[in-house]
Amino acid sequence: MNIKKHIPNALTLLNLLSGLLALIAIFNGFYDHAFIFVSLGIFFDFWDGFLARKFGVAGPLGVQLDSLADMVTSGVVPGLLMYKLFDTIQQNQPEYMLTEETFYMGVIPYFGFLITLASCYRLANFNIDTRQTNSFIGLPTPANAMLIVSIPMIQYFGRYEWINVALDNPYVLLAITLISTFLLNAEIPLFSLKFKKLNWVEAKLQISFTVFAVIMLIVLKFVAIPLIIVSYIVLSLVLNSLSKK
């Protein structure tokens, strides 16, 4: 029995399990736990593909498993979390509570699931888009999931009151939702964050960006996450522009 060929798929299933645990955490209001489980899921998602290539066991089953696991961890979880953030604002802030005159505002929390729908479309498209073998078109679902699950972490542990006030505004969350939905399927080429090989010559861009991200996280904590994602998009746009010259 070749144990090696089962290791990547086992890691993919751990990604799925992490997503399921994140969903339970969100239902119970433990958004910090959800953040940890999503982070674990993305960790497993990175290594399953790397080890599949390393062991030479990459195949169609692994591709399908990976997409299904990502759909939960990086699709359903951020959509549900955004729904809960909207719902919490409506329940706790008098100016946004539902009344007979503003009953129509009750649909706003469901806009959070636009993230889930856009993630599903992106994952399905990724599997058939031959342009995305060595890079990405649109924001990868794990990066988008980290953006969304970082919101309550910034609120709880952030040092900037004005950011907390902004993130307690449903219109700001709606803007984030719409931007997230757009970026997931935008025709924007982005460099791959996954390491094909762990050596400087072939992965200097990924290694350099990872070091930059770690430094940002150490200095700015959770606020660094959206800044890292914005930097990732901007850097990709700059590299795309330079490559055309």
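Okay, one term before anything else: a residue is called buried when its relative accessible area is under 20%, exposed when it is over 50%, and partly exposed in between, using a 1.4 Å probe and protein chains only. The other word we need is helix: helices here are DSSP runs of H or I with at least four residues, strands are runs of E with at least two, and both are numbered from the N terminus.

Now, what you're looking at is a predicted model, where local features need pLDDT of at least 70 and side-chain atom pairs count only at pLDDT 80 or more, while totals for chains, interfaces and linings use all residues. Residues are numbered from 1 along each chain as its sequence is written, and side-chain values use heavy atoms, with hydrogens and water left out.

Let's start with helix α7, residues 170-185. Which of its residues are buried? They are Pro-170, Leu-173, Leu-174, Ile-176, Thr-177, Ser-180, Leu-183 and Leu-184. Here's a handy bit of background: an α-helix has 3.6 residues a turn, so residues three or four places apart point the same way. And what do the buried residues of α7 pack against? Contact, by the way, means heavy atoms within 4.5 Å. By that rule, they pack against α3, α4 (114-128), β1 (135-137), α5, α6 (161-167) and α9.

Next up, helix α3, residues 60-92.

Is Asp-70 buried or exposed? Buried, because its relative accessibility is 5%. If we skip residues up to four places away in sequence, Asp-70 touches Asn-15, Asp-45, Gly-75, Leu-123 and Thr-141.

That last one, Thr-141, takes us to helix α5, residues 141-157. The axes of α3 and α5 come within 9 Å and cross at roughly 35 degrees. Those axes are lines fitted to C-alpha atoms, for helices over the stretch in contact, and the angles run from 0 to 180 degrees between N-to-C directions. The crossing is left-handed, meaning that the near helix is turned anticlockwise from the far one by less than a right angle; clockwise would be right-handed.

So who meets whom? On the α3 side, the residues include Asp-70, Val-77, Leu-81 and Leu-85, and on the α5 side they include Thr-141, Ala-145, Ile-148 and Pro-152. By class, this contact has eleven nonpolar, four polar and one charged residues. For those classes, Ala, Val, Leu, Ile, Met, Phe, Trp, Tyr, Cys and Pro count as nonpolar, Asp, Glu, Lys and Arg as charged, and the others, Gly among them, as polar.

One more from α3: Gln-90. Gln-90 counts as buried because its relative accessible area is 11%. Its contacts, beyond four places in sequence, include Tyr-96, Met-105 and Pro-109.

Let's hop to the start of the chain. Leu-11 is in helix α1, residues 7-27, and is buried at 15% relative accessibility. Leaving out residues up to four places away, Leu-11 touches Phe-44, Trp-47, Asp-48 and Leu-51. In helix α2, residues 31-55, we find Gly-49. The C-alpha atoms of Gly-49 and Leu-11 are separated by 9.1 Å, although the two are 38 residues apart along the chain.

Ser-192 is in the loop between β2 (189-191) and α8, and at 10% relative accessibility Ser-192 is buried. Its C-alpha is separated by 9.6 Å from that of Ile-137, which is 55 residues apart along the chain.

Lys-221 is in the loop between α8 (200-220) and α9 (224-243). What is phi of Lys-221 near? Near 60 degrees, a positive value in a residue other than glycine. And at 47% relative accessible area, Lys-221 is partly exposed.
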